[in-house]
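Here are some friendly notes for a first look at this structure. Please keep the picture open while you read through the points.

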Amino acid sequence: MTGAARKPYPVCPVAELPAGQRRIVTIEGKSIGVFNVDGRYFALRNRCPHRGAPLCEGQVVDFVTATKPYTWETQRPGEVIRCPWHSWEFDLTTGRSLCFPDTIRTTSYPAGASSAVESEKIDTYMVTDLQGMVVVWL
Amino acid sequence: MSRIPESSPPVATTVRWRAVDTDVHHQLRDISDLRPYLSRYDWQRLDEYGMPRNSNLYQANGGFRGARADCFGAGNNVDPRTRLDLFQEKLLDGCGIDAAILQGEYTPAVMALADIDFAASLCRALNDWTLAEWVGRDSRFRLALTIPIQDPALAVKEIHRLGGHPAVVAVYAVCGSPRLYGQRYYDPVYAACSDHGLAFALHFSNEGIGMNPAPTAGGHPSYYAETYLLRPQFYQAHLSSLLFEGTFEKFPQLKVALLESGFGWVPAFRWRADATWKSLRAQTPWVKRPPSEYIRKHVRFATQPFEDPEPAAALASVLDGMNADETLMFSSDFPHWDFDPPDAIARRLPAGIRDRVMFETALETYPKLSR
Ligand code: FES
């Protein structure tokens, strides 16, 4: 983390980004989605690595899973963003793809990993509540 | 306490495998072959009405009556499918086949019978007859069991009755079916296969027959050639069903062999299946891995009819795209007209995967083969 080098960019007053809501802002020429997931803030690059869709305009959904066939279980309410174009799912809180099992398991990429693998993770940014303002750090 | 014998028995020599043929088709000479294996009542019924026939939608097949014209004797009156001596001469000895898995020519019609109890009686008789008259006369034969799959409970009974027989290595089913094979209706069959270490061997036939849907998703084609060409589509439908219903999650030991499906389509199917899963995973969340991974682990394809890609160099990318070293098994389809001999197929394969395709993958897929 190179926190010292990062700069704060105010997005809006905290009251204007209630739980379950999002804002899309442009910072340093990058489109970024800022989300309030049940009181926690997350920010993601608004660009799907698949075909370049505005990812952060997709539906915010739960993670659907199953312990055995013909059962459906929802977990992690509101922590998944589903791309508006071809429905790839990403973990809002980490930027990781949920449809590439191998990358879900990995926490860091080996140097020189292929771009196909790198593309399965979206850039994420730190978001804080700074004196009543939602602030993204870039 | 057991005594150690003074001279130990000779260590079983490891078979030097050359080729396993995963798909050959034998037939009864006459219904009277079954008489010893049927109850008096069932025999009377068979004698009176004959073997069930599935209506031939096209009044045509390929070759001569669907088989190799060179395998009929003078007068063309003896069906080569009925001649064990011909299998020995032209296939086992002639081609150097160490083990050949019999998928009965009689099976499809029995699987299309609505009368499930009579179907079950015929299955029992056909399996017993094959074990006695074919496997019993040449130990190179193995059997894929004929089962009344139209009723899973009766099918399971037959699997349990014979699943422990050393020569029974698989269960045989045909693609024409009122339901797709991943649907839970068939789960008891896969449970029984798993209990006995039997592969589930799926082969075309019965499409458009009886209660089954048309031979193509678009309806009934006019000509046999079209159904021949279009076969991959119904294997794809069953494969998709097995993948998305989670059959391989439910039965982690299960192996499914797709026989005579062709294989050039497999790489493209895998790409498409994975792309579909990436987009729609949440609808069938029990499918934990990309479909291509289940295919690699659980699904096997047979070489015949071997597609000769154009340009020839394209074969390498097909083999690569289907992980052919893990998923492709030799088959000849003897004595059918579109027979592929093992030497010609082996020659087309890259040397590095030749043994895998000619016998090794079959030995893994049908674990009872090598026992
Ligand atoms: S562009 Fe996002 S899934 Fe295709």
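How many salt bridges does a search of the whole structure find over all chains? The search finds 24, where a salt bridge is a side-chain nitrogen of Lys or Arg within 4 Å of a carboxyl oxygen of Asp or Glu.

1. Ground rules. This is a predicted model, in which local features need pLDDT of at least 70 and side-chain atom pairs count only at pLDDT 80 or more, while totals for chains, interfaces and linings use all residues. Residues are numbered from 1 along each chain as its sequence is written, chains are lettered from A and ligands numbered from 1 in the order in which they are written, and side-chain values use heavy atoms, with hydrogens and water left out.

2. Where the chains meet. Chain B brings 17 residues to the contact and chain A brings 19 residues; contact here means heavy atoms within 4.5 Å. The area buried between them is about 1,500 Å², with 54% given by carbon and sulfur atoms. Buried area is the accessible area (1.4 Å probe) that two parts lose on being put together, summed over both. Of the area that chain B buries against chain A, Lys278(B), Arg281(B) and Trp286(B) supply 41%, more than any other three residues.

3. Polar links across the contact. Between chain B and chain A there is 1 salt bridge: the side chains of Glu89(A) and Arg281(B) meet at 2.8 Å, N to O. There are also 8 residue pairs in polar contact, both residues at pLDDT 80 or more. A polar contact is a pair of N or O atoms within 3.5 Å; within protein, one must be able to donate a hydrogen and the other to accept it, and residues adjacent in sequence count only if both atoms are side-chain atoms.

4. The chain B side. Helix 10 (residues 266-280) of chain B gives the most to the side that touches chain A, with 3 residues. Helices (H or I, at least four residues) and strands (E, at least two) are DSSP runs, numbered from the N terminus. The residues of this side of chain B divide into 5 nonpolar, 4 polar and 8 charged.

5. A sheet of 3 strands. In chain A, an open antiparallel sheet has the order 5-6-7; two strands pair if DSSP finds at least two bridges between them. Strand 5 (59-65) and strand 7 (89-91) of chain A are at the edges with a single partner strand each, so one side of each has no neighbour in the sheet. Strand 5 and strand 6 of chain A pair over 6 bridges, and strand 6 (residues 73-82) pairs with strand 7 over 3 bridges.

6. Around Arg82(A). Which residue in strand 7 of chain A is the bridge partner of Arg82(A)? The partner is Glu89(A), the residue whose side chain also meets Arg281(B) in a salt bridge. Gln59(A) stands opposite Arg82(A) as well.

7. Arg76(A) and Asp91(A) meet through their side chains in a salt bridge of 2.9 Å, N to O. Arg76(A) lies in strand 6 of chain A and Asp91(A) in strand 7 of chain A, so the pair ties together parts that are 15 residues apart in sequence.

8. A sheet of 6 strands. Chain A also has an open sheet in the order 1-9-8-4-3-2, with antiparallel pairing. Here strand 1 (8-13) and strand 2 (22-27) of chain A stand at the edges. Strand 4 (residues 40-45) and strand 8 (residues 124-130) of chain A pair over 2 bridges, and Leu44(A) has Thr124(A) as its bridge partner in strand 8.

How values were computed. Ala, Val, Leu, Ile, Met, Phe, Trp, Tyr, Cys and Pro count as nonpolar, Asp, Glu, Lys and Arg as charged, and the others, Gly among them, as polar.
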